[in-house]
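Subject: Structure for your review

Dear colleague,

Please find below the structure that I am handing over to you.

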Amino acid sequence: MPTSVKQMMEAANAVVPKITPAEAKDMIAKGNTLVVDVRDAAEVANSGKVANAVNVSRGMLEFRADPDSPYHDKAFDKSRTVIVYCASGGRAALSGKVLKDFGFANVFNLGGFKDWVESGGAVDKA
């Protein structure tokens, strides 16, 4: 059955809650939280990333998150809370839905990196 980006975004937003930078900071402070930047490496190189976030481009997310993949990243542990962000929130929403589909229970969409920066969130410069 054909779908559209709009339908994919609606489905993602229905299952991946959007959080504020303040909520993300609280979750990070509690520990056992993985922050994932799904922007491309060039975007991260230009702006930096949320402090201690892992950068996994949107196109590699499934391969890094799947424990059966030869490209699996051990940081993707289903017992952790996962916060995903991108430039404006769209790729983060889609990425969050993929992680939910993979069995990650606690996945949240921080939205755009600029919102984090504007809130005074800590940044690692590339």
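In what follows, two residues are in contact when they have heavy atoms within 4.5 Å. Please bear in mind that this is a predicted model.

I begin with Thr33, which belongs to strand β1. Leaving aside residues up to four places away in sequence, Thr33 touches Met27, Ile28, Arg80, Thr81 and Ile83. Thr33 counts as buried because its relative accessible area is 14%, and the cut-off for that term is under 20%. A polar atom of the Thr33 side chain lies 3.2 Å from the backbone oxygen of Gly31.

The strands come next. β1 pairs with β4 in the parallel sense, over 5 bridges; within this pairing, Asp37 has Tyr85 of β4 as its bridge partner. β4 also pairs in the parallel sense with β5, residues 107-112, again over 5 bridges, and here Ile83 is partnered by Phe108 of β5. Of the 6 residues in β4, 6 are buried. Both faces of this strand are covered, with Thr81, Ile83 and Tyr85 on one side and Val82, Val84 and Cys86 on the other.

Together with α5, strands β4 and β5 form a right-handed β-α-β unit. Helix α5 has 12 residues and spans 17 Å from its first C-alpha to its last, close to the 16 Å expected at 1.5 Å a residue. Its buried residues are Ala92, Ala93, Ser95, Gly96, Val98 and Leu99, and among the elements that cover them are α1 (5-15), α4, β4 and β5. After the helix comes Gly103, which has a positive phi near 100°.

As for Phe76, its contacts beyond four places in sequence are Leu34, Val36, Val56, Leu61, Arg64, Ala65, Leu99 and Phe104.

With kind regards

Notes
Residues are numbered from 1 along each chain as its sequence is written. This is a predicted model: local features need pLDDT of at least 70, side-chain atom pairs count only at pLDDT 80 or more; totals for chains, interfaces and linings use all residues. Side-chain values use heavy atoms; hydrogens and water are left out. Helices (H or I, at least four residues) and strands (E, at least two) are DSSP runs, numbered from the N terminus. Buried means under 20% relative accessible area, exposed over 50%, partly exposed in between (1.4 Å probe, protein chains only). A polar contact is a pair of N or O atoms within 3.5 Å; within protein, one must be able to donate a hydrogen and the other to accept it, and residues adjacent in sequence count only if both atoms are side-chain atoms. Two strands pair if DSSP finds at least two bridges between them. A crossover is right-handed if, with the strands pointing away from the viewer, the path from the first strand over the helix to the second runs clockwise. The expected span of a helix is 1.5 Å times one less than its number of residues.
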